[in-house]
Structure formats: C-alpha cells, structure tokens
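Reader: Could you take me through this structure? I would like to discuss a few sites in turn.

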Amino acid sequence: MTMPTTAEWICTRCGSTNRRLVPETATRAEDVCVSCHARHELEPDSRPVRWRARPKAR
Ligand SMILES: [Zn+2]
C-alpha cells in the first residue's frame, strides 16, 4: 500500500512555498506555483520533505 507524502518546494520565480501530495514511491512530480503559476519539475532531495524544483519551459 502506498501512502501519499507531502512534497514541499520553493518556487524559483517568486519564492513561494508550495506543497503537493505525491505517492511515497514517486521519484519526480510536476506542480504549478499557487502564486505565480510557473510550472516546475520536482525531484526529491536528500531530505524527504523538501523537494528540489526546476522551472519547466512551457
Ligand atoms: Zn511562484
């Protein structure tokens, strides 16, 4: 059974903190900033909750 986990990431454009629920086994995700709507690719970092965000070309 997979439990959802929270991926927390910082927007590279406006610096807002975003949160997204992802499956525990996820190795990458995509999300859109709640504040400026920039699309980002997310990858887990060494710390489980804070994910690394990369801006994605639209
Ligand atoms: Zn933003």
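Predicted model: local features only at pLDDT ≥ 70, side-chain atom pairs only at ≥ 80, totals over all residues.

Reader: Which atoms coordinate the zinc ion?

Author: The SG atoms of C11, C14, C33 and C36 coordinate the zinc ion, at 2.3 Å. Donors are N, O and S atoms within 2.8 Å of the metal, or 3.2 Å for Na, K and Ca; water is not among the atoms, so sites may look incomplete.

Reader: What is the geometry of the site of the zinc ion?

Author: The site is tetrahedral, with angles of 104 to 115° among the four donor atoms. Four donors count as tetrahedral if all angles lie between 85 and 135 degrees.

Reader: How are the donor residues spaced in sequence?

Author: The spacing is C-x2-C-x18-C-x2-C.

Reader: Is C33 buried or exposed?

Author: C33 is buried, at 1% relative accessible area. C36, at 21%, counts as partly exposed, and C14 is also partly exposed, at 37%. Buried means under 20% relative accessible area, exposed over 50%, and partly exposed in between, with a 1.4 Å probe and protein chains only.

Reader: How many disulfides does a search of the whole structure find?

Author: The search finds zero disulfides, a disulfide being a pair of cysteine sulfur atoms within 2.5 Å.

Reader: Turning to E8, where is it found?

Author: E8 is in strand β1, residues 4–10; strands are DSSP runs of E, at least two residues, numbered from the N terminus. E8 is buried because its relative accessible area is 14%.

Reader: Which side chain joins E8 in a polar contact?

Author: The side chain of R50 does, at 2.8 Å. A polar contact is a pair of N or O atoms within 3.5 Å; within protein, one must be able to donate a hydrogen and the other to accept it, and residues adjacent in sequence count only if both atoms are side-chain atoms.

Reader: And what does K56 contact, beyond four places in sequence?

Author: K56 is in contact (heavy atoms within 4.5 Å) with E30, R39, H40 and E41. K56 and E41 are 15 residues apart in sequence and 6.1 Å apart in space, C-alpha to C-alpha.

Technical notes. Residues numbered from 1 in each chain as written. Heavy atoms only, no water. Helix = DSSP H or I, 4+ residues; strand = E, 2+ residues; numbered from the N terminus. Tetrahedral: all angles 85-135°; square planar, octahedral: opposite > 155°, others 65-115°.
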